[in-house]
Amino acid sequence: MRLVKHVVTCPEYTQLNPKSDYAFKTRICTETWKKSVKIILMLAFFTIFVNLPYSHHLFADGVSKKSYKLPKGFTPLTDDKDTVSGLPLTIRCETDGSEMALVPAGEFVMGSDDIGNDESPQHTVYLDAYYIDKYEITNAQFKKFCDNTRFKYPENPPWDSSYFLSKPDNPVVLIHWHTAQSYLKWAGKRLPTEAEWEKAARGVDARLYPWGNDHDLSGCNLDSSKDNFQYTSPVGTFANGISPYGCYDMIGNVTEWCNDWHEPDYYKFTVKDNPPGPEEGATKVLRGGSYKDNDEMQCARRSEAFPVAANVNV
């Protein structure tokens with residue numbers, strides 16, 4: 001699971017540029033707070049996107065350093081900033097400790113004409129800027145949420161009766177989509193749309209895998225890869241598999257929830273700018289694959305599950 005979050009614009013600016021009115025999102029995204037904070041969170045159970053609260057409008061041609069502010073509870077982790085927006089490249093969510101990476105605004109190529117009907121046609125999508133969790137949500141992070149809110153601990157998978165408490169750095173599993181919403185509300189984020197998830201995974205050059213186009217499985221934890229892990233691995237284990245924006249485990253380890261309802265033909269009628277996904281459906285989108293999936297997993301591949309399903313690889 002991953003989450004997302006938004007930026008704040010300032011009413012003192014009279015010119016508005018929709019393409020540079022930045023919103024930050026995490027592999028979980030939150031709701032927009034009018035005139036103050038727009039937060040977006042993604043749970044790929046778990047990865048997080050964050051949208052920064054903004055009290056100023058951001059412009060692509062020379063953004064003032066005072067043109068944005070992070071929402072309460074989010075702090076910069078580095079002095080390095082995006083040259084266009086002036087936003088910090090990495091931030092931390094103080095509530096759950098997640099590190100979040102900036103995905104700048106702009107277009108990217110989504111989908112594929114070479115996988116199946118569900119992923120076609122390949123098309124261009126524009127997204128506002130957002131922050132996304134660099135790592136999947138861990139057992140330790142979910143335990144902190146449970147302890148702070150008195151939420152019930154998740155069940156352990158059948159292959160490890162002490163998994164949740166004994167492997168704090170591994171990704172939490174057996175979390176259904178609705179349970180993810182409770183975590184998101186606590187952390188101040190939301191799940192990503194599948195467009196947000198895919199851009200964070202593959203960047204803007206239409207690559208097949210987070211690390212490029214080479215079919216090199218040393219960068220992920222899949223069923224058929226020689227990774228020394230039969231089940232999940234500690235998040236961030238595969239440093240050679242990071243995405244262009246610095247996200248780990250976008251392919252393999254555990255499958256990640258997205259906010260969207262799943263529709264097989266959605267790409268045929270989707271909007272170009274910030275596609276929100278279908279308005280309704282029976283199943284939710286899953287992305288990224290897991291330790292159970294084979295070596296055919298790619299950034300563009302889509303899957304689905306009922307939102308009430310709690311699986312050992314999600």
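Me: What does G97 do in the hairpin of β7 and β8?
Reply: This is a predicted model. In it, G97 takes a positive phi near 80°. The hairpin has five residues between strands β7 and β8.

Me: Which way do those two strands run, and how many bridges join them?
Reply: β7 (residues 90-93) and β8 run antiparallel, and three bridges join them. As for facing residues, T90 stands opposite A101 in β8.

Me: What about β8 and β11? How many bridges there?
Reply: Four bridges. β8 pairs with strand β11 (residues 130-133) in the antiparallel sense. M100 stands opposite D133 in β11.

Me: Is β8 mostly covered or uncovered?
Reply: Mostly covered. β8 spans residues 99-103, and four of its five residues are buried.

Me: New topic. How many salt bridges does the structure hold?
Reply: The structure holds 15.

Me: Why can side chains pair like that?
Reply: Because side chains of opposite charge can pair when their charged atoms come close.

Me: Let's take K272 and E107. What is the N to O distance?
Reply: 2.8 Å, in a salt bridge between their side chains. K272 lies in the loop between β12 and β13 (284-287), while E107 is in strand β9 (residues 106-110). The two are 165 residues apart in sequence, so the pair ties together separate parts.

Me: And how exposed is each one?
Reply: K272 is partly exposed, at 42% relative accessible area. E107 counts as partly exposed too, at 43%.

Me: How far apart are the closest N and O atoms of K152 and E155?
Reply: They are 3.9 Å apart, and the two residues form a salt bridge. K152 counts as exposed because its relative accessibility is 63%. E155 also counts as exposed, at 52%.

Me: Now R302. Which residue does R302 form a salt bridge with?
Reply: E194, with the closest N and O atoms 2.8 Å apart. R302 sits in strand β14 (residues 302-305) and E194 in helix α4, 108 residues apart.

Me: Are R302 and E194 buried or exposed?
Reply: Both are buried.

Me: Which residues share that network of salt bridges?
Reply: D118, E194, E198, R202, R287 and R302 are joined into one network, through salt bridges that share partners.

Me: Last one. Where is D249?
Reply: In the loop between α4 (194-202) and β12 (256-261). D249 is buried, with a relative accessible area of 4%.

Me: What lies 3.0 Å from a polar atom of the D249 side chain?
Reply: The backbone nitrogen of G236.

Definitions and conventions. Residues numbered from 1 in each chain as written. Predicted model: local features only at pLDDT ≥ 70, side-chain atom pairs only at ≥ 80, totals over all residues. Heavy atoms only, no water. Buried < 20%, exposed > 50% of the residue type's maximum accessible area, 1.4 Å probe, protein only. Polar contact = N/O pair within 3.5 Å; in protein donor to acceptor, adjacent residues only side chain to side chain. Salt bridge = Lys/Arg side-chain N within 4 Å of Asp/Glu carboxyl O. Pairing = 2+ DSSP bridges.
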